[in-house]
Amino acid sequence: HLPLYRQQNIFQRLGLHAPRDTLNHWTLGSLELLRPIAEAIHLECLAKTYLQVDESPIKELAPGTGKTRTGYVWVFNDPCPQGSVSYRWQKGRSCEDFEQALGGGAKDWEGIFQCDGYSVYPSYQRDRAGVIDLGSCMAHIRRGFSKALDAGERDAARIIYLISCLYHIEDKLRQKKAGPALRDAIRASHCAPGFKLIEKYLRKIQSRHLPQSLMGKAISYALNQWSGLEAYLKDGRVELDNNLCENTIRPLKIGAKNSLFFGSRRGGELGCVAYTLIENCKRHGLDLHDYLTSAMKALVGQGPVHAPELTPAAIAKARRLKKVS
């Protein structure tokens, strides 16, 4: 998150004169070289049949106007152990932008997208009914009741308590490092009754609250999203919420005051290349400097055709196999 003009000042204090244009060209050139690896990471994500998806706004400089416009970073996260995450830049957050962010490899994609209640996701899913399922996010559902509770709604307290019971079960499963099969079994016996109780209670109290009240809005949102929670009960891989995906967006926001906007569409795309490589190195326990150095040397020497072998996930897997052997 350290802008190049600040790095230039640091270099000058150390006695190194590095013009900012030179630093810009080096950075953009390096990321162009590394772009095939980011594309290979995206294909790693699309190879999975369960992904968490979210989008986050970041400003982009509009050419010729001197003003900024809002673009979006779309995040595709594989939350399973040793999973990858891909960041993709688009000018908007329409259904068309979502399809473009998915890329050409998504046409034959089948599986579960876990997301929030943004309308683009069900719209995309309706056109592919029977092929793609949507998983809802309990954290988004709970937020509405938390606001209602802060406003003094007593009914919200019981809902939040019942939801906390589900999270308590998930915490125990996480501590045991339970796999999908065990999670599926525990959820069927312990969580499914809780889900039925929450839904029944929501329908019972819905008529007590005005539709435009905080509680009324929370109940309406929850019931609209409820069918998507079935994915959590049917598939042990699916998380109770989309928080792991939101966690991958948090690093982008940390540097928001340092980098106020991308300078161009190309800058946004290459920025997402950097985000993708950095986050995957962190996720797979690789030293970023060593990884980038070796990856760029390999791409120059062997060409982009070897990019799938140079992803952080592929390198981490090769190291694990080497230790075993």
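Which helix is the place of Ile 10? Ile 10 sits in helix H1, residues 4–13; helices here are DSSP runs of H or I with at least four residues, strands are E runs of at least two, and both are numbered from the N terminus.

Before I go on, a word on what we're looking at. This is a predicted model, so to speak of local features we need pLDDT of at least 70, side-chain atom pairs count only at pLDDT 80 or more, and totals for chains, interfaces and linings use all residues. Residues are numbered from 1 along each chain as its sequence is written, and side-chain values use heavy atoms, with hydrogens and water left out.

Okay, the overall picture. The protein has 13 helices and 6 strands, and its C-alpha trace spans about 70 × 55 × 40 Å along the principal axes. Of the 325 residues, 45% are buried. Buried means under 20% relative accessible area, exposed means over 50%, and partly exposed is in between, with a 1.4 Å probe and protein chains only.

Back to Ile 10. At 31% relative accessibility it counts as partly exposed. Together with Leu 2 and Leu 14, Ile 10 forms a nonpolar surface patch with about 280 Å² of accessible area. For a patch, residues need over 30% relative accessible area and no salt bridge; nonpolar side chains (Val, Leu, Ile, Met, Phe, Trp, Tyr) are joined within 5 Å, like charges within 9 Å. The areas are Shrake-Rupley values with a 1.4 Å probe, and for residues only the protein chains shown count as cover.

The largest pocket has a volume of about 1,600 Å³. Of its 42 lining residues, Leu 2, Leu 4, Gln 7, Thr 27 and Leu 31 are the closest to the centre. Among the elements giving two or more residues to that lining are H1, helix H2 (20–46) and helix H11 (265–283). The lining divides into 26 nonpolar, 13 polar and 3 charged residues.

The second largest pocket comes in at about 480 Å³. It has 18 lining residues, with Pro 79, Cys 80, Pro 81, Arg 183 and Glu 239 closest to its centre.

For the terms: on a 1 Å grid over the protein atoms alone, a pocket is an open set of points where a 1.4 Å probe fits, with protein on both sides within 12 Å along at least five of seven lines, and lining residues have an atom within 4 Å of a point. Points are joined across faces, edges and corners, and the volume is the space filled by probe spheres set on them. Ala, Val, Leu, Ile, Met, Phe, Trp, Tyr, Cys and Pro count as nonpolar, Asp, Glu, Lys and Arg as charged, the others, Gly among them, as polar.

Last topic, salt bridges: a side-chain nitrogen of Lys or Arg within 4 Å of a carboxyl oxygen of Asp or Glu. The whole structure has 19. In one of them, Arg 128 meets Glu 99 at 3.5 Å, N to O. Arg 128 lies in the loop between helix H4 (120–126) and strand S5 (132–135), and Glu 99 in helix H3 (residues 95–102), so the pair ties together parts 29 residues apart in sequence.

Then there's Lys 282 with Glu 279, at 3.3 Å. Both lie in helix H11, 3 residues apart, about one turn. Lys 282 is exposed at 53%, whereas Glu 279 is buried at 12%.
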